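I opened my notebook to look up a handful of residues and pairings, one entry at a time. Have the model open alongside and follow along with me.

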Amino acid sequence: MALEEKQILDLLLSQQYVSSADLARVEKLSKQGAGTPLDLLLSGGFLSKDLLGQALAEFYKVPYADLNTKMPSREQILLIPEGVAKQFRAVLFTDAPKKFVIATDLPQTSGLSTAVKESAKGRTVSVVYALSEDIDRALQTYWKPLETELSEILSNTKRAAPELVEEILHQAIGLRASDIHFEPQEKEVVIRFRIDGVMQRVASLKRETYENVLNRLKVMSHLRTDQHDKALDGSIRYRYEGDAVDIRVSIVPIFDGEKVVLRLLSSYTRGLSLESLGLSSPDQEKLITASNKPFGMILVAGPTGSGKTTTLYGVMKILNTVEVNIATIEDPVEYKIPNVNHMQVNSETGLTFARGLRSIVRQDPDIILVGEIRDEETADIATNAALTGHLLLSTFHANDAATAIPRLLDMGVEPFLLASTLELVIAQRLVRKICDQCRYSLIKTEKQIKKEAPDLYYFSPKKSYTLYAGKGCHACAGTGFSGRTAILEIIEISSALQSLIMTRPSTQDIWKLARAEGATSMFEDGLQKVLQGLTTLEELHRIASPSREDLVAMQKRGFV
């Protein structure tokens with residue numbers, strides 16, 4: 001039997017993994033609705049997952065196995081029959097000539113050693129503890145390809161649509177997909193998942209089968225099943241292993257039928273920290289300093305899907321205490337945080353960003369999050385709100401941090417208002433992270449790098465570089481990547497930049513001054529992450545390219 005959270009907290013305190021002061025602090029925040037104490041300990045940096053695993057292993061009196069950094073191979077995992085693995089939540093951790101070590105999050109369950117005796121083939125069976133989320137990920141190895149699962153469902157049941165939808169959602173969430181696409185074509189309907197920002201074909205359905213699946217999705221989304229000639233928008237609340245996942249549904253008529261896109265939105269923010277979002281320690285300090293000011297504006301710029309809202313939610317989660325009133329106006333509400341008042345834009349009722357923001361200002365807020373500054377009216381209200389004693393967080397569509405300022409001025413914001421309120425501008429993109437399970441290092445000279453990619457001409461011929469890549473394994477579905485991280489550039493609004501804003505400067509003028517004051521570009525931040533082993537050069541160049549100014553700055557700093 002798994003331990004209850006109260007037992008885990010008592011255990012952490014008694015074994016001095018957390019202090020009584022830290023525990024009291026998170027319990028106070030938990031009572032205010034900010035999350036469970038254990039989630040707050042993890043997301044607040046009071047406790048690492050590794051220490052939590054060690055503490056639980058000590059309680060169970062078995063060694064700890066960190067599957068996050070040492071995941072067994074697919075071949076090892078499959079040595080244990082699927083039924084046994086799922087019944088006992090057991091994964092083969094060490095397959096040695098004399099030892100057969102089983103990792104599980106239920107080490108006290110009786111019968112485990114007997115159940116794996118045949119697989120052990122005479123070797124000594126021992127048990128170690130692993131965290132539940134790592135066991136869940138390892139058990140995904142037993143999943144069959146979605147195409148196979150759907151075929152089996154169709155051959156074994158008459159009422160297939162509910163089970164087909166259930167299996168598609170289950171696999172998409174388990175694989176951390178952000179979107180599911182159903183794409184009608186002439187003879188079939190292709191299903192694709194967007195995983196770590198990249199589309200992957202996973203299965204297909206016959207057109208007649210898809211009609212039933214489409215109707216099932218419409219029913220779940222509370223949409224009319226007899227409407228086929230207009231765009232429809234709906235939502236689904238789906239339960240996955242005890243957690244709620246909100247799904248935004250978009251259906252549009254295309255030449256070959258009705259295309260459906262499901263956007264999967266987490267309804268919680270467990271583990272959402274600035275470090276996990278990709279901010280370095282200096283960048284975290286800049287952001288926290290700006291967010292601790294009583295008023296002003298923090299903007300995050302970038303294209304759709306670059307993680308802008310997630311970064312602002314990371315800030316908001318830090319600021320979310322009982323002493324402040326936080327309100328948001330969003331389209332859509334992508335996360336739900338306890339104690340935060342979320343407002344959803346609704347075009348049918350006339351609730352726009354501007355109107356919602358006007359209403360929020362009358363609700364005595366301390367902190368306001370505006371999902372996006374899209375028009376002159378919203379920009380004007382937002383800057384005035386930031387001027388009159390509110391901390392305002394918002395996203396903005398701009399290619400880089402410096403461009404956001406002239407664009408706001410072009411939207412009609414007065415230079416003196418912008419100079420007085422703007423505290424920080426962040427621009428970001430998302431790059432795929434190298435899979436921790438199959439990452440390997442390789443040393444390359446400048447000549448080798450140029451031979452493989454002639455445009456990578458900024459490396460010094462006098463040095464060799466340790467780069468990293470992923471071989472591809474079952475944990476990353478053979479891609480070599482797992483998860484994403486942000487590459488960022490941050491402009492702090494100094495007194496010199498305030499004076500410059502008053503002159504309605506160009507993007508080039510702003511970036512020239514910001515760089516002189518120490519700002520670095522997204523590409524430079526990305527190159528640091530390449531050399532740290534977080535991503536690859538190829539992935540960085542897929543997302544961002546160095547400007548001539550980047551090259552000059554990197555050479556001056558001796559970066560490469």
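This is a predicted model: local features need pLDDT of at least 70, side-chain atom pairs count only at pLDDT 80 or more; totals for chains, interfaces and linings use all residues.

**Entry: a bridge across the chain.** I looked up Arg432 and found its side chain meeting that of Glu539 in a salt bridge, 3.1 Å from N to O. Arg432 sits in strand β15 (residues 422-434) and Glu539 in helix α23 (residues 537-543), so the pair ties together parts that are 107 residues apart in sequence.

Residues are numbered from 1 along each chain as its sequence is written, and side-chain values use heavy atoms, with hydrogens and water left out.

**Entry: other salt bridges.** My rule for a salt bridge is a side-chain nitrogen of Lys or Arg within 4 Å of a carboxyl oxygen of Asp or Glu. How many salt bridges does this rule give? The count comes to 25. I picked out Glu183 with Arg192, at 3.0 Å from N to O. Glu183 counts as buried because its relative accessibility is 11%, whereas Arg192, at 28%, counts as partly exposed. Then I took Glu372 and Arg374, whose closest N and O atoms are 3.2 Å apart. Here Glu372 is buried at 15% relative accessibility, and Arg374 is partly exposed at 44%. I also noted a network of salt bridges linking Arg89, Asp105 and Asp136.

Entry: Glu489 belongs to strand β18 (residues 481-492). A polar atom of the Glu489 side chain lies 3.1 Å from the backbone nitrogen of Met522. Not counting residues up to four places away in sequence, Glu489 touches several residues, among them Asp400, Val425, Trp511, Thr520 and Met522; contact means heavy atoms within 4.5 Å.

**Entry: Leu41.** Is Leu41 buried or exposed? Leu41 counts as buried, because its relative accessibility is 0%. I located Leu41 in helix α3 (residues 37-43). Beyond its neighbours within four places in sequence, Leu41 is in contact with Leu9, Leu12, Val18, Asp22, Leu23, Val26, Phe46 and Leu47. Gln54 is 13 residues from Leu41 in sequence, and their C-alpha atoms are 15 Å apart.

**Entry: helix α11.** I checked the span of α11 (residues 160-174): at 1.5 Å a residue its 15 residues should span 21 Å, and its end C-alpha atoms are 21 Å apart, which agrees. The expected span is 1.5 Å times one less than the number of residues. Of these 15 residues, 12 are buried, so α11 is largely enclosed by the rest of the structure. Glu167 and Gln171 are among the buried ones. After α11 I came to Arg176, with a positive phi near 65°.

**Entry: strand β2.** In β2 (residues 99-104), 5 of the 6 residues are buried. Strand β1 (residues 90-95) runs antiparallel to β2, joined by 5 bridges, and a hairpin of 3 residues connects the two. Strands pair if DSSP finds at least two bridges between them. Val91 stands opposite Ala103. With β3 (residues 124-129), β2 pairs in the parallel sense over 6 bridges, and Val101 has Ser126 as its bridge partner.

**Entry: Arg224.** I finished in the loop between α12 (207-220) and β7 (232-240), where Arg224 lies. Arg224 is exposed, with a relative accessible area of 52%. Leaving aside neighbours within four places in sequence, Arg224 is in contact with Lys218 and Leu232.

How values were computed
Helices (H or I, at least four residues) and strands (E, at least two) are DSSP runs, numbered from the N terminus. Buried means under 20% relative accessible area, exposed over 50%, partly exposed in between (1.4 Å probe, protein chains only). A polar contact is a pair of N or O atoms within 3.5 Å; within protein, one must be able to donate a hydrogen and the other to accept it, and residues adjacent in sequence count only if both atoms are side-chain atoms.
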